[in-house]
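Thanks for asking me to look this one over.

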Amino acid sequence: MSDTACIEVAGLCVAYGDTVAVDRIAFSIQQGELATLLGPSGCGKTTTLRAIAGLEDPTTGLIRLNGDSVYDSALRVNVPAEKRGLSMVFQSYAIWPHMTVAENVAYGLKVRRRPRAEIDKEVRRALDLVQMSGFADRPASKLSGGQQQRVAVARAVAFSPSVLLFDEPLSNLDAKLRAEMRVELRELQQRLGITSVYVTHDQEEALAISDHVIVMNKGRIEQIDAPEALYNRPASLFVADFVGAANLIEGKVRQTGLVSVFETQGGQFLRVATPQGASGSETKVALRSAYIVLQADPSGAENANFATGTIHRRMFHGDFIQYVVDWPAGQLMVRRPPTEMIAEGALVSIMFSPEHCVLLSG
Amino acid sequence: MWLVLLPCAALVLYPVLFIVSESLNVGEPGVFPPEAISLANFAGLKDDATIIGHTLFVAIAATAMAVIFGFALAWILTRTNIPGGNRFERLMELPYYMTPLVGAMAWGVLAGPKTGLLNQIWHLLVGPEDLFNIYSAWGIAWVMALFEGTVAFVMISAAMKSMDPSLEESARVLGGGKLRTALGITLPLVAPGVLSAIVFVFAEMLGAFAAAFVLGIPGRYYVVTTAIWESTQEFPPNYGRAAALGLSLFIAMTVTLSIARLIMRKGSYATITGKAFRPRPINVGAMRWLYLAFVLFYLLVAVILPIGALLMTSFQKFATVVLPDSIFTLENYRVALSTGTLGSAFVNSLILGISVATIGVLVMGVLTWIVYRSRLPGRTAIEYVLMFPQAVPRLVFGLGLLWAWINIPIPIYGTLWLLGIAYFTVFLPLGLRTLAGVVLQVDRSLEECACVCGAGWLHRMRTVSLPLLRPGIAAAWLLIFIASIRELGASLFLMSPQSKVVSPAIINAWLSSSSELSAAMAMILTATIFVAVIVLFGVARTFTRAEA
Amino acid sequence: MYRVWLAAFAGILTCTPLAWAADGVCANPTQMDGFKTCADVAKAEQEGALVVYSPDPESNSAGMLDAFHKAFPKIKTSFIRLQTGALYQKLMTERRAKTYQVDALQLTDVGYALDFQKRNGWVHYISPEMAAYKADYKSQPEGYWTWGALIVAGLAYNPQLVKAEDAPKSWKDSLDPKWKGTINAKVAASGLEHVTWYEMKQLYGDDYWTKFAELKPSVFDSYVQQFDRMVSGQDSVANTAQYSAYLQFKAKGAPVEFVFPTEGLTVTPGVWGVVADAPHPEASKLFMDWLLSAPGQAAYDKVAYLSSPRPDAAPPPGGKSTADMKLLYPKDWQAFLATHAEYTKVWGHVSGAR
């Protein structure tokens, strides 16, 4: 727990009767950061977010915002949602249909009794930020999905909160709009420098916009890391499988050290970089599809792993080609740029570096 | 399809035809076609201006009280975290099962001048002046609000439950306090639902009979429904006046109901979301004890006090002036149970309830499907026709049926068949409304698939559509069964020695029996309904659980 | 005048055996336990049921029919109770719809009985028991309907609320403004009320009922409600208070006192007859014979505390004989019938319905 941490969560437990939704999690988010809670449905990410907002009552734990406890089960502190001073964008946008766009955006300011002139100024500023300036007097019931989403964001930032929460705000939009909006949201967040917590089940989205990603599964935290670290060095089988496309190769560890040797079930020996050392009991190696080279030059890097295989199937995905390659240890999924067209049935030389292999147990 | 549709439309419309005919009839009453027509009966309505004024006053007062109670209770029970919230919701339906007839009789005992139980307590504590006189306009309105006004609670709480919870949560997160959120966000969003409930309840109050009958006549306070009844209780009967009054009431109710429907359609903000979340209860802190007290107060005046009063009266020899002097006896129950009339009335009501509910749901299932799922041209007109009986006061409808069947040569007058037809027609809107909600949830593609597989309309109905409607059918069956047992207005004119039914039998008994005996009968009726409701809910629950 | 003529006629009839036969009493009436009947008793028991329409309070009818059922266990009884006007209206409606459900009918307004006779609604059945009744107490010619009870009315009050010296002594007394809001009467459909209205109008003119309306009385469908309200203290005085009601309530121990008004007591008959096209004709005739007989009248009066028109009958339990009372009733029933519309209109003002 750092003194400059904006949001601190410790020992948080949320249970409904016999079901435990969130099981003793802890993390902290620094000022100005965007942290994402990532995980499959039912992992507890939305519950955690709502607990921070004050919309759920946890069972035990501690939540601090800017150093002040808003929830502390030991001291019986539970600040009601309306007093926590945060802001939230909901999955359904929650735009009030009986008000105009401007009235929606002005709500947080009105509640804080800001003078009229200030309210107007901030509302205009917020609408400019989301490029909805012309819609100020439009009745809110007459907006499209994307427009509602923007107004929801404008409303959330209008009164300059210190913390901004996002509950899967883009999941109701179509793919193209989603891709555009995530960029805008990230830019907005960085420009305003508001500490943000973002919840999503889309790992691509999480990797793209976050400073840190908190991966959750069945109420527990699997790993907290920056996106590249999460991608390159998944700490568990779950993370390896959930974040990015990975191959999981079965086998046994033969030698440990800074570089360990792993014997696959097909009898090959792979070199795996293990800067943290290895216990020797790991049974799997995770290898990202994008890190495998086909048609490799065997005379390349000395310490790389080489093998031969046959193209079993080729699927054209537009931005990349997915190959299913048969090799002695089974099948490998490989992603290559669309320029590398190899025919099905062709023999290929496979190469991947030890740094891209990750030893995992389980 | 037409085989089902046309008879139902005919059933709904022909009594109205006879009401119109009789209202223009200035010759011998009850003859069809009338020997002489003129508008004299309508002209005569100006003599009844006071009565019409009374009707409006009572309806407005009752609606106001019912909606205030309904809104407050709906908000407290569905939106706040008072202890035991869910259980209380079920209890709110109790006054409906008790029927306004029993409620009026009970409140007569509680708050009659001089000897009402509450007044007696007041005399002991304060002084000889009465606190309440239930035999008055406000008394009638109060009882109507308590016992006919449950509808307001049900409609408003449905509107509140269907609101997207995030609309309120976002307001709270942005800093809005509970009161501000309630007034600025919740209220405007449920406003269309509340408004349509107000108008709907008003229409119902216009046509209400039982309370005005029990409490109005002794207090010399007449409304349109009791005036209609009075016109028919003499020889020669003044059918012209009854029909003219009935038709005016019918027109008033149709107009109000159309307004209600318009408000619902136009003002709705489509607040129903796909999410399965129920709106989160708001933590109201210490205030929840105050709210709990309010809910308990309502239960006290609507259920506990009335049942208590009737129970006590039913065991008394005389309802005497001085309470401590009362002599208690089981005689009233013995007489009530031994009098052949009540026994056969119960059996008849049960038979009717079961048959009408069973046949009713099957037919109404098909009708609902036709109105909401088929591509039949003019199906909105059909919906309108089938919902017609909602606008006709039950009493007036009963009269129309009476006049119709006097003149139709099929001899079903005086049999249970006639009552069965009456009930079926009068409950069409109820069944349609309940089943409509379920039908609209059934995905069209399920039926389209059956069609592509080659199933004809009837086969699809039988094997796909009706089975899918099962939960709704169970609910509709229950509602129609209960409505049949408590039915009063439509059956009052159609009874005969062979076809006595419960509520009218109690009214007849009340007219010529002591209040103690009537209290005993009312208690037996209420107990029977409660038992039937509990049994049937249990059965329905296992039935739907087996499906789920 | 009419009565004298009738008495003479009846006298002549009874003196002539031939006339006796011409009257139509069956040649061989069956002797039952305490009475004679011309009905086919075996057939009646085969019919097995009896349906009665009567304005008597339900418990009275139930008790009376119970006694009949005890005498003839094979015949199941049922009844419908409505006040006379409503009852007659219902009956006519049924007959218009060609539905015939009633066997025996009681009406407490002679006007309706005459009307029904005009429409051939009664069966012409001369019961052997009718011989015991005065000509005044039967239809002309006999056999259509007979007076099965004498319903007399005066005033009543609750002695716990009203001291004996303050109580009204005459019909005129009951108009005292001090009774405003605490006095009650019957509804327009009641035959007894029609007679009372008619008689007071004869005595005091229309003014009587205008003044009565000013007292804002409550009106009730049956005497049970009237007396119930008096006993419970909600009303102090009952106008058109049935003597039998007083006896019945007094026997139960209720605080009621009866006043024999100085002008006299109004009286309406309970007119009984067998209905045409009855579903159980023989049972119906058997019932009529039983009802008009001495044991039948005794059973009826025991339950209903009514006064019997039979000269050999005892006064009702705890009460005086009508022979000791000054009785007021219309001399010309046809003229009485003609006043019905006017009466209903006036009564609308009295009850507050108009």
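1. A word on burial first: a residue is buried if 20 or more other C-beta atoms lie within 10 Å of its own, exposed if 12 or fewer, and partly exposed in between, with C-beta atoms placed from the backbone. Please keep in mind that this is a predicted model, where local features need pLDDT of at least 70, side-chain atom pairs count only at pLDDT 80 or more, and totals for chains, interfaces and linings use all residues. Residues are numbered from 1 along each chain as its sequence is written, while chains are lettered from A and ligands numbered from 1 in the order in which they are written.

2. Helix α4 of chain C covers residues 58–71 (helices are DSSP runs of H or I with at least four residues, strands are runs of E with at least two, and both are numbered from the N terminus). Its buried residues include E58(C), S59(C), M64(C), L65(C) and F68(C). The expected span here is 1.5 Å times one less than the number of residues.

3. In chain A, strands β1 (residues 5–16) and β2 (residues 19–30) run antiparallel and are joined by 8 bridges; two strands pair if DSSP finds at least two bridges between them. V14(A) stands opposite V22(A) of β2(A). The hairpin leaves 2 residues between these strands, and G17(A) has a positive phi near 60°.

4. Chain A also has an open sheet of 4 strands, in the order β18-β17-β16-β19 with antiparallel pairing. β18 (330–336) and β19 (347–352) stand at the edges with a single partner strand each, so one side of each has no neighbour in the sheet. Within the sheet, β16(A) (residues 305–316) and β17(A) (residues 321–327) share 6 bridges, and T310(A) stands opposite D326(A).

5. How do α5(B) and α14(B) cross, left-handed or right-handed? The crossing is left-handed, meaning that the near helix is turned anticlockwise from the far one by less than a right angle (clockwise would be right-handed). Contact residues include M98(B) and W107(B) of α5(B), with L305(B) and A309(B) among those of α14(B). Two residues are in contact if their C-beta atoms, placed from the backbone, lie within 7 Å.

6. Lastly, the interface: 18 residues of chain B are in contact with 18 residues of chain A. On the chain B side, α9 (165–173) and α10 (178–206) each supply at least two residues, and the largest share, 7 residues, comes from α9(B).
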